[in-house]
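Please have the sequence and the 3D view open as you read.

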Amino acid sequence: MEWNSTRAISDPSDAALVAAVGRRNDEALEELYRRHAGSILGLARRLLGERTLAEEVVQEVFVRLWRSPEKFDPNRGSLRSFLLAQAHGRSVDLLRSERSRRLREEREGLAAPAPGYELEHEVWRLTTAGKVRDAMSSLSEDERGAIELAYFGGYTYREVAAILGAPEGTIKSRIRVGLGRMRSSLVEAGIEAA
Amino acid sequence: VRRAPSHREIKELLGAFALDAIVEDERAAVAGHVSACARCSHEADAYLEAAALIADEVADPPGALWRRIAASLEPRPLSQALRPDTGIDRLP
């Protein structure tokens, strides 16, 4: 069954809209864009630091959903986290290739070290930029710092360990324990099923 | 040749895996394990939901960007049959 009016289309669940996308209903995709593109763009922009590339990431995510809606499995989690995970992975790839290009050029003397690229500053920027969400308030400072550097900074846990001067095992565990704690606070708040 | 990481080592990496924060040579091993192990897959999915909580910078999604996306979509099968074009004419 297809939706005929724009009013009716604002009601269905994300999963129902994805099913409609599978039937090549572009209005369903547009509604999903209205619901989720803002967060996806915000995340990509925060990681990449500029708008044009971030918009390309958003476009890739939605074109991929149009082509392969069956990749989303509603039993595994929300569409929002599915789309954000794709945007995050793609943004991190772009960020890392840009960082390695810059490092290579610096080594070869083609470029001066990027101004303001100081780890301490980077840590400060990342840990103070975002507003602290309720779910993050249950975290220790150490857990929050590690998660923000990894998620918003696009650093590997090894890089996070080097930045913070902590052992790699400690960083792996801070990220895992912190995410687990956030997840539990979600479940306790009754927002998500366990 | 590196030995394959154990189940316990994989579990320790699941949080970093969900944040795309593992190094390239570990990614394939973790992804392979997660696709075969229901418990680890469930745990990684839970971390993805948690991560989605902090990515809440919602701006109004731009209409111009939607129009670019819509223009790049392959047309519906029906319009393909009726109109052998790129789908651009479906735009307002």
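**Cavities and a helix crossing**

The second largest cavity has a volume of about 40 Å³. The model is predicted. It holds 2 cavities of 30 Å³ or more. The largest cavity has a volume of about 60 Å³.

**Second largest cavity**

- The lining consists of V61(A), R64(A), L65(A), S68(A), K71(A), F82(A) and Q86(A).
- Two elements of chain A, α4 (51-67) and α5, each give two or more residues to this lining.
- The top contributor to the lining of the second largest cavity is α4(A), with 3 residues.
- By class, the lining of the second largest cavity has 3 nonpolar, 2 polar and 2 charged residues.

**Largest cavity**

- From chain A, the lining of the largest cavity takes S81(A), L84(A), A85(A), H88(A) and Y151(A).
- From chain B, the lining of the largest cavity takes A18(B), D20(B), L48(B), A51(B) and A52(B).
- The elements giving two or more residues to the lining of the largest cavity are α5 (79-107) of chain A and α3 (38-54) of chain B.
- Of the elements, α5(A) gives the most to the lining of the largest cavity, with 4 residues.
- The lining of the largest cavity has 7 nonpolar, 2 polar and 1 charged residues.

**Helices α7 and α8 of chain A**

- Two packed helices are described by the angle between their axes and the distance between the axes.
- Helix α7 of chain A covers residues 141-151, and helix α8 of chain A covers residues 157-164.
- How do the axes of these two helices cross, and at roughly what angle? The axes come within 10 Å and cross at roughly 125°.
- Because of that angle, α7(A) is oblique to α8(A). The oblique class applies here because roughly perpendicular ends at 115 degrees and roughly antiparallel starts over 145.
- Is the crossing of α7(A) and α8(A) left-handed or right-handed? The crossing is right-handed.
- Which residues meet where α7(A) contacts α8(A)? On the α7(A) side they are A146(A), L149(A) and A150(A). On the α8(A) side they are V160(A), I163(A) and L164(A).
- The residues of this contact divide into 6 nonpolar, no polar and no charged.

Note on methods
Residues are numbered from 1 along each chain as its sequence is written. Chains are lettered from A and ligands numbered from 1 in the order in which they are written. This is a predicted model: local features need pLDDT of at least 70, side-chain atom pairs count only at pLDDT 80 or more; totals for chains, interfaces and linings use all residues. Side-chain values use heavy atoms; hydrogens and water are left out. On a 1 Å grid over the protein atoms alone, a cavity is a set of points where a 1.4 Å probe fits but cannot get out, and a pocket is an open set with protein on both sides within 12 Å along at least five of seven lines; lining residues have an atom within 4 Å of a point. Grid points are joined across faces, edges and corners, and a volume is the space filled by probe spheres set on the points. Ala, Val, Leu, Ile, Met, Phe, Trp, Tyr, Cys and Pro count as nonpolar, Asp, Glu, Lys and Arg as charged, and the others, Gly among them, as polar. Axes are lines fitted to C-alpha atoms, for helices over the stretch in contact, and angles run from 0 to 180 degrees between N-to-C directions. Angles under 35 degrees count as roughly parallel, over 145 as roughly antiparallel, 65 to 115 as roughly perpendicular and the rest as oblique. A crossing is left-handed if the near helix is turned anticlockwise from the far one by less than a right angle, and right-handed if clockwise. Contact means heavy atoms within 4.5 Å.
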